[in-house]
Amino acid sequence: MSLSVEPSVNIEQLIQQAEQLVERRNPDALQLAEQAMALAIESGNPRHFAHAKYIQAFYHCLVANNYDKSIELCNEALTAQQTCDIEDVSYKVYMTLGNSYQLKGEIFAAQESYLKGLKQLESRDNLSFRERGFLGSFYYNFSVLLGESQLNISTEEYFLKAISIFEEIESYFKLSKSYVSYAGFFERREEYDKAIEILFKALKIDLQTNDAYSIALTKANLGIMHLRIKKFQQALDYLSESLVYYSEKNMLYEVAMVRTNLGDALFASGKKDEGIKELLEAEDLFNRLENKRELSHVYELLSKFVAETGDYKKAWEYQNSYTESLKYFFDIEKTLALTRAKKEFETDMQEKEAAILKEKNEEIKKYVHKLEISNNELKQFAHVASHDLREPLRMITSYMGLTKRSLNGHMTEQQEEFIGYAIDGAKRMDQLIVDLLRLAKVDANPRIEKVKLANVVEEIKLNLDTLIKEKNARIISYDLPEMIADRTQMLQLLQNIIGNGIKYNENTQPIVTIKSVMKNGELEITIADNGIGIPESSRDKVFQIFHRVQTEKQYAGSGVGLTICKKIVDSLNGHIAIESNQAGGTTFKITLPSSVLL
């Protein structure tokens, strides 16, 4: 049959139509799935692509019975979904992924997929009509899965949840399937009459909706239940009717399942050769489908039935195949159980680590708040200190000056020298307080902006104009970059070093050269002078606060300037060091990460 789709039909409509066909195992769904993919590729929309991949996977799982292909397409859909964070398709993909693993017999992988999808839907509020339908399907599939896993877990709760949802939304097809599977719950408890009662409820719905697929499914299960209560003719009738429908629709998995039960019923009713023939057909189909779990059951029946015909060698071969399949599933399930346990342990550890991290973050927030309060208090203290500590020094300087003027012409040379010492000491103490405040403010709220170092050097020349003229000095600069930093700090950094290069210099013309170069992926700034130099033994110590190099001549200074320089460079994640200058004097080498450059 050929299906035509109106041009106005969008991808969502195509997918809904295809879903309905796939649920009934109708191969015409493939045409719709391919049209949806063509539209998705044309649109270039990742959301459409993920939906189209999903419906292709759904088709390959339930109609084509190509479970590996379905799993591959599901993973591609999940990958596409991650690129655009689409939640309205991922739960559908997890449903199909679970179906594929379940039909392959990989129970734990199926369970993991179902739980992911179920968790997504259960966490949402105000589910739409279709989303409620999928939630019911997750309960349904999960209950079927637990029933097939042979674990001692009650599945009735999930069946009843699924039935309740499907009754509420009037999804009769899914309601019938839920009744069929719910009957299986009572079959496992060997309450066959109860199971048959529930199956007739499903058949009543099927006949009212005239759904041929559902009728075949329900009758197949009625055949199995009648086989259990040894009503072989009724079992054969129901199973044979189902086989006709499944064979016409080329539903390989369903055909294989029905042939397995037909073989069992035929052999039990005395038709041994016909029964074994049906089982061999089922064996071939399950091999083609690579369904090892159902194949294991077929081997078990063939081993038993062939032995009764007297062919013990063949029976032993089937028994051996059955034993190997049990060993395979034991190994697989053991490995999956261990893997799952490992994942659960890792998840538990991650949750605990997250809780600890959250607790630590709360503590850090409290400490940050305390630090902010402390910093504000320190700023206030610094402001007060700068005023209250400097004020007495200004008074000392002022009153010593007044004393000197009042005693003008009446002081001895020694008295004048003592007054000079006092005034000089007060001025040096005042400068020390200023320098300490500058050091304390290096990390305080830096203003990050574009800084042209060439312009900074020009400003430094203006600031040091008096010293430059007094010492007949030259400042040479070239290849200086533009960078991202606090302009005031860069001015402090360069001016301290350049100023020292001129001040601590006995040449007739002090020269300070500043340049930059990229080396090993980092910015290297060198400031070289031809001054008195710094002994190698003191090069690390000069960056310590209050440390001053001992020289024959006494130079003014507090010993804080280079400490400020190091603190500024550290704040930029850089490094500052001192090297000898081949032309005499000192070379400061400042290395900064390339991230400071524009």
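1. Buried residues are those under 20% relative accessible area, exposed ones are over 50%, and partly exposed ones lie in between (1.4 Å probe, protein chains only). By this scale Met 395, at 44% relative accessibility, counts as partly exposed, and its place is in helix H17 (residues 390–406), where helices (H or I, at least four residues) are DSSP runs numbered from the N terminus.

2. The model is predicted, so that local features need pLDDT of at least 70 and side-chain atom pairs count only at pLDDT 80 or more, while totals for chains, interfaces and linings use all residues. Residues are numbered from 1 along each chain as its sequence is written, and side-chain values use heavy atoms, with hydrogens and water left out.

3. There are 16 aromatic pairs in the structure (rings of Phe, Tyr and Trp, the last by its six-membered ring, with centres within 6.5 Å; planes under 30 degrees apart count as stacked, over 60 as edge-to-face and the rest as tilted). One of them is the stacked pair of Phe 267 and Phe 305, with 3.9 Å centre to centre and 5° between the planes. Because Phe 267 lies in helix H13 (residues 252–268) and Phe 305 in helix H15 (residues 292–308), this pair ties together parts that are 38 residues apart in sequence. Phe 267 is buried, at 6% relative accessible area, and Phe 305 is buried as well, at 3%.

4. Phe 159, Tyr 182, Phe 185 and Phe 186 are linked into a cluster by ring pairs. Over the ring of Phe 186 sits the charged end of Lys 194, 5.8 Å from the ring centre (NZ of Lys or CZ of Arg within 6 Å of the ring centre and within 35 degrees of the ring normal).

Key: Helices (H or I, at least four residues) and strands (E, at least two) are DSSP runs, numbered from the N terminus.
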